[in-house]
Amino acid sequence: MRRAGALVLLAPLLMGQAKPELVPDVSQRDIEIAYSFTGAELLLFGAILYPGGRAPGEGERPADIVVVIKGPTDSVVVREKSKVAGIWVNAAQMRYRSAPSFYAMASSRPIRRLVDDRTRAIYELGLDSLQLSPASGAAPQIQQRFDSGLVDLKRRNGLFYEAPGAVEITGGVLYRARLTIPARVPVGRFTAETFLIRDGRVLAAAVRPIEIRKSGFERFVATSADRHAIVYGLVAVGVSFLFGWGAGALWRRF
């Protein structure tokens, strides 16, 4: 009787141990942006550790992998243009308290075939499942219009994209995916999230940090503007004045 009771108490722990685990990694943890930076390609790879070291056999449904790279969140204002008297002007706007500056997702299969809408919303799997946090309340149709506009703007700039089928899984254990970091990517602390999905459920998740920062002269300028704003502004005005005076002097001479 005592043994049966002990098994009942240990059942949740044993069930938790029966779940597979992820061992992810990324090819570059630190990306430096210099004047010649034209973008980078990140390789996200890793292994799936199944209980007992046994991979799914024949007849068992294989697991799927989804990897997501997110940039730091920013406060963003989206403005909608309207044509008034033949001129395009800003008509309405919406501010978002926190929107990811960068979002890229790769999956072994299209995400809608892996999980339902609720699960996608919980883990923000897909561009249409991002939690954008508008600062003010608006009618659902208006908010949806601005959300779509923000996502479309980021997508056209190469900062938001999805890559279904880009994750390769070998032997049901090893996986890898390549995601592109564009040249105009913002700097800051990024995260590479990996999700293990099977039968419509997220069985495991793991996160690895990625740091993107400026280097060389660009880093000096950015640091100076951030730490010594007044001096930086005076120097910028002085340099502009010297360039203007020099151009005028050359123009008068020739």
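Start by selecting Thr170 and Leu174: in this predicted model, Thr170 stands opposite Leu174 of β10.

β9 covers residues 168-170, and β10 covers residues 174-181. The two run antiparallel, and three bridges join them.

Next, show the whole sheet. It is open and has four strands, in the order β1-β3-β10-β9, with antiparallel pairing. Strands of a sheet pair through backbone hydrogen bonds, so switch to a backbone display to follow the pairing. Which strands form the edges? They are β1, at residues 21-26, and β9; each of these pairs on one side only. Turn the view across the strands to follow the twist, which averages 20° from one strand to the next.

Now go to the second largest pocket. Select Leu127, Asp128, Leu130, Leu132, Pro140, Gln143, Gln144, Asp147, Ser148, Val151 and Arg155, which line this pocket. Its volume is about 200 Å³. How many residues of each class are in the lining? Five are nonpolar, three are polar and three are charged.

Finally, colour the chain by pLDDT. The mean is 80, and 72% of the residues reach 70 or more. Then select residues 1-16, where the pLDDT is below 50. Beyond near neighbours in sequence, this stretch has zero contacts in the model.

Conventions: Residues are numbered from 1 along each chain as its sequence is written. This is a predicted model: local features need pLDDT of at least 70, side-chain atom pairs count only at pLDDT 80 or more; totals for chains, interfaces and linings use all residues. Side-chain values use heavy atoms; hydrogens and water are left out. Two strands pair if DSSP finds at least two bridges between them. Axes are lines fitted to C-alpha atoms, for helices over the stretch in contact, and angles run from 0 to 180 degrees between N-to-C directions. pLDDT is the predictor's confidence in each residue, from 0 to 100. Contact means heavy atoms within 4.5 Å. On a 1 Å grid over the protein atoms alone, a cavity is a set of points where a 1.4 Å probe fits but cannot get out, and a pocket is an open set with protein on both sides within 12 Å along at least five of seven lines; lining residues have an atom within 4 Å of a point. Grid points are joined across faces, edges and corners, and a volume is the space filled by probe spheres set on the points. Ala, Val, Leu, Ile, Met, Phe, Trp, Tyr, Cys and Pro count as nonpolar, Asp, Glu, Lys and Arg as charged, and the others, Gly among them, as polar.
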